[in-house]
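This report describes selected features of a single protein model, arranged by topic. Please read it alongside the sequence and the structure shown below.

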Amino acid sequence: MNKQKAPYAAMPTTSRGRRFKETSPTYRSEFQRDRDRIIHSTGFRRLEYKTQVFVNHEGDLYRTRLTHSLEVAQIARSISRTLRLDEDLTEAIALAHDIGHTPFGHAGQDALNACMKQYGGFEHNLQSLRIVDELETLYADFAGLNLCFETREGILKHCSLKHAKELGEVGERFLNKKQASLEAQLTNIADQIAYNNHDIDDGLRSGLITIEQMRNVELFSAQYDKVMWKYPDLTGNRCVHETIRRMIGEQVVDLVETSRATIQTADPQSIEDIRNHSEQLIKFSEEMRTKNQQLKKFLRENLYFHHKVYRMTRKAHQVIEALFTVFMEDTRLLPPEHQHLCRDALLEAGEIGQARVIADYVAGMTDRYATKEYARLFGVRGDVF
Ligand code: MG
């Protein structure tokens, strides 16, 4: 960082701290330490084999949760640096933002949420926090990664009021209608910029959507026409990539310029002013928001609900539901350490506790591990997907 940070940026020296007190790192800031802990975590490595939209083995070039998270980190860091915010905190939040995702993307999360209905439900944002707060087993002194409040606050993007009440200080902003840090706000939008744009690339690569269809989407067609005008002979992947990189650029510039103006008007003097502000200060212009909604609608109708993707969604649902149900029926099918966790949880909290341990286990699976477990337990031959 060569520019001085803004007075309302999150400051590692005035962090609201960690749940378990630790001595400060020697050569790193507290937020750098958080970023490093996330990179070394098991949950982070699992992202490599978890679905973003396409199931992991459908092709080597599609985004996975890991490459998606790296793209989010890249976009978020650029925005953070430009707005003179804390880049390390931004990166830590971006790398961990999807760490609680189940196998098979949103289909897996919906299935697990349905299984957990009578046991408190399953939300991937809450699960991300649960992983970094409790489930990682890397350190002698504490469970989880013992991250700073600001990192945990950023990881918990959304939360129902019912759950917010159970989360202590990190849930308070949902009850008191306060905002998260600007680093958290911008990472959330960088997530949307990343997936909207890389899903176009993956969608075109898969052949499920076409350039002709995409030309009905304003954000795409505006940049595509410019590319075609400048490089009339350009075709194939280079043309798609040139268009998408310009789309990302346009959205990032809009976000930076609009947010700069809203920050200037609000004139915050500290991160507390950011938290107490009536609304989020990181935002797109109205015009860009409308264009983004059009793009999202297009992707939802033509890609996420494409019948080939939907077939995967149905199968994913079946795999997750079958695994959860069979483990609930007979915990002896679980690996020994999870059997022990189940036994302890059952004693402590009854069936709800046991269900949570099983949900943790199923949610932690990679796509291929879940598929293999399903094949092993139910004697399925051949490819499940
Ligand atoms: Mg994401």
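## The magnesium site

Asp98 is buried, with a relative accessible area of 3%; buried stands for under 20% relative accessible area, exposed for over 50% and partly exposed for values in between, with a 1.4 Å probe and protein chains only. The model is predicted, so that local features need pLDDT of at least 70 and side-chain atom pairs count only at pLDDT 80 or more, while totals for chains, interfaces and linings use all residues. Residues are numbered from 1 along each chain as its sequence is written, and side-chain values use heavy atoms, with hydrogens and water left out.

The magnesium ion is coordinated at 2.2 to 2.5 Å by His68 (NE2), His97 (NE2), Asp98 (OD) and Asp191 (OD). Along the chain, the donors of the magnesium ion follow the spacing H-x28-H-D-x92-D. Asp98 lies in the loop between H4 and helix H5 (105-115), and Asp191 in helix H10 (residues 182-206), so the pair ties together parts that are 93 residues apart in sequence. Asp191 is also buried, at 7% relative accessibility. Donors are N, O and S atoms within 2.8 Å of the metal (3.2 Å for Na, K and Ca); water is not among the atoms, so sites may look incomplete. Helices (H or I, at least four residues) and strands (E, at least two) are DSSP runs, numbered from the N terminus.

## Packing of H1 against H4

Two packed helices are described by the angle between their axes and the distance between the axes. For helix H1 (residues 30-39) and helix H4 (residues 87-96), the axes come within 8 Å and cross at roughly 25 degrees. That makes H1 roughly parallel to H4, a term for angles under 35 degrees, with over 145 counted as roughly antiparallel, 65 to 115 as roughly perpendicular and the rest as oblique. Axes are lines fitted to C-alpha atoms, for helices over the stretch in contact, and angles run from 0 to 180 degrees between N-to-C directions.

H1 passes H4 in a left-handed crossing; this term applies if the near helix is turned anticlockwise from the far one by less than a right angle, and right-handed applies if clockwise. H1 contributes Phe31, Gln32, Asp34, Arg35, Ile38 and Ile39 to the contact, and H4 contributes Asp88, Leu89, Glu91, Ala92, Leu95 and Ala96, where contact means heavy atoms within 4.5 Å. These residues divide into seven nonpolar, one polar and four charged. Ala, Val, Leu, Ile, Met, Phe, Trp, Tyr, Cys and Pro count as nonpolar, Asp, Glu, Lys and Arg as charged, and the others, Gly among them, as polar.

## Packing of H5 against H16

The axes of H5 and helix H16 (residues 307-329) come within 8 Å and cross at roughly 40 degrees. This crossing is right-handed. On the H5 side the contact is made by Ala107, Gly108, Asp110, Ala111, Leu112 and Cys115, and on the H16 side by Thr313, Ala316, His317, Ile320, Glu321 and Phe324. By class, seven of the contact residues are nonpolar, three polar and two charged.

Pro12 lies in the segment before H1 and is buried, with a relative accessible area of 18%. Not counting residues up to four places away in sequence, Pro12 touches Lys5, Ser29, Glu30, Phe31 and Asp86.

Arg84, in the loop between helix H3 (65-82) and H4, has a positive phi of about 60 degrees although it is not a glycine. Arg84 is partly exposed, with a relative accessible area of 31%. Lys177 is found in the loop between helix H9 (172-175) and H10, and its phi is near 55 degrees, a positive value in a residue other than glycine. Lys177 counts as exposed, at 68% relative accessibility.
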